[in-house]
Amino acid sequence: MEMSEAQWEELHCLAQRQGVLALVYDGLCTPFPSASDTSDVMPGTMATSVTAAPGTLATSAAVDMMPVELAARWATEVLENERGYERMASVIDLQRRAWEKRGLEAVLQKGHSVAAYYPVPEHRSCGDIDWYFPRREDFRKACRVAQENGLELKWDSDGDVSYTLSGMVVEHHRKGMPQDTPEQMLLMLEDHVLKHAMVMGVGLKQVCDVAILRHAVANRTTAAQCPSAASTAASHCPPAASSAGVTAGQSHNASRSRWSRLLARAIEHLGLDAPVPLNGSADPAASACNADLAASACNGCGFDLAEPRGRELQSWRRRCELRDAQRLAELILEDGNMGLDKENRFSGFMKRASLFLRYAPVKFLSRWLSLICGRIFRLLHL
């Protein structure tokens, strides 16, 4: 399909605003098989980029169709993205050695860790460097190390710390989770997307992170064959529901499942392949638990899934979920990369309040309460 110069510019601006400039370039360089050629196409697989090694860029018929000036500019930006990735890797290595030298336990979160799952890690756009310190004392020591090196620390409303080191924004977090398996990383990413979508918004960059981790989880061996996956599933899977009702732990797991499923539907609506079981869980053991939760929840309301009224309830919920997934997809396209382009954060909050009150009410209210308390605390200590 031929595109005008204005349409190419619009595509470039959209990719830039969403933080996926290099990924879109990869997509333009990816040869898609013809309708008759299905020999190498498997359901649920992602196209592999033909992008050359970092520092040299592949080309294609689509790239050749771009206006010459835009093609040169886009290629330059992709190469700069690669250089930014290498700079970030150097800063991470520098800090990791500093933490180890002082005996501090630090876990790298998101960003650079997620990039390793991409076909071309250097083409995931750089963001912040996020360190999670499981021990409170290590968190304090790490902040002192940064201050002793002349860095200006900024505290946010969540009690986290940020500063700039060698042109990179570094953040210290007191809350986080281990990142030993794709399952753990996916859980953390889904929570991260929820946290920002409720307030500032998220963009396609964060959506691609979730989609690529879903593929990593789907491509792993079954939980029975992988002890680490089984232990992860067990840690997030509540005990079976009793006839007395759903426990607080089960309610939390059901809420996570609802948000996970909604996010998967929104990703699919955006045209990305995000494999996920129909009940929205990332692993088989948790899937079984969520199925039990759904059944017990319906039975607790007087509905049996085998009865017509139970099936009607399921059908109604599915229609509502698809509608809300479309709304979430629209918000993602409006927000841009982490909502950085949003001018009026309050109006954005009002537009999304009803959506997140349905799918993550406790997290939504606690998030805003935390932000308000943090803002008051900062004003009192100015």
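Helix 5 gives the most to the lining of the second largest cavity, with three residues. Helices here are DSSP runs of H or I, at least four residues long, numbered from the N terminus. The model is predicted: local features need pLDDT of at least 70, side-chain atom pairs count only at pLDDT 80 or more, and totals for chains, interfaces and linings use all residues. Residues are numbered from 1 along each chain as its sequence is written, and side-chain values use heavy atoms, leaving out hydrogens and water.

Stay with that cavity. A cavity is a set of points, on a 1 Å grid over the protein atoms alone, where a 1.4 Å probe fits but cannot get out; lining residues have an atom within 4 Å of a point. Its volume, the space filled by probe spheres set on the points, is about 30 Å³. The whole structure holds two cavities of 30 Å³ or more.

Now turn to the cores. A nonpolar core is a set of buried Ala, Val, Leu, Ile, Met, Phe, Trp, Tyr and Cys residues joined through side-chain atoms within 4.5 Å. Buried means under 20% relative accessible area, with a 1.4 Å probe and protein chains only. The largest core has 55 residues; Trp 259, Leu 328 and Phe 356 are among those with the most contacts inside it. Helix 8 (residues 204-219) gives the most to this core, with nine residues. Apart from it lies another core of 21 residues, including Trp 99 and Phe 139.

Definitions and conventions:
Buried < 20%, exposed > 50% of the residue type's maximum accessible area, 1.4 Å probe, protein only. Helix = DSSP H or I, 4+ residues; strand = E, 2+ residues; numbered from the N terminus. 1 Å grid on protein atoms, 1.4 Å probe; cavity = no way out; pocket = protein on both sides within 12 Å on 5 of 7 lines; lining within 4 Å.
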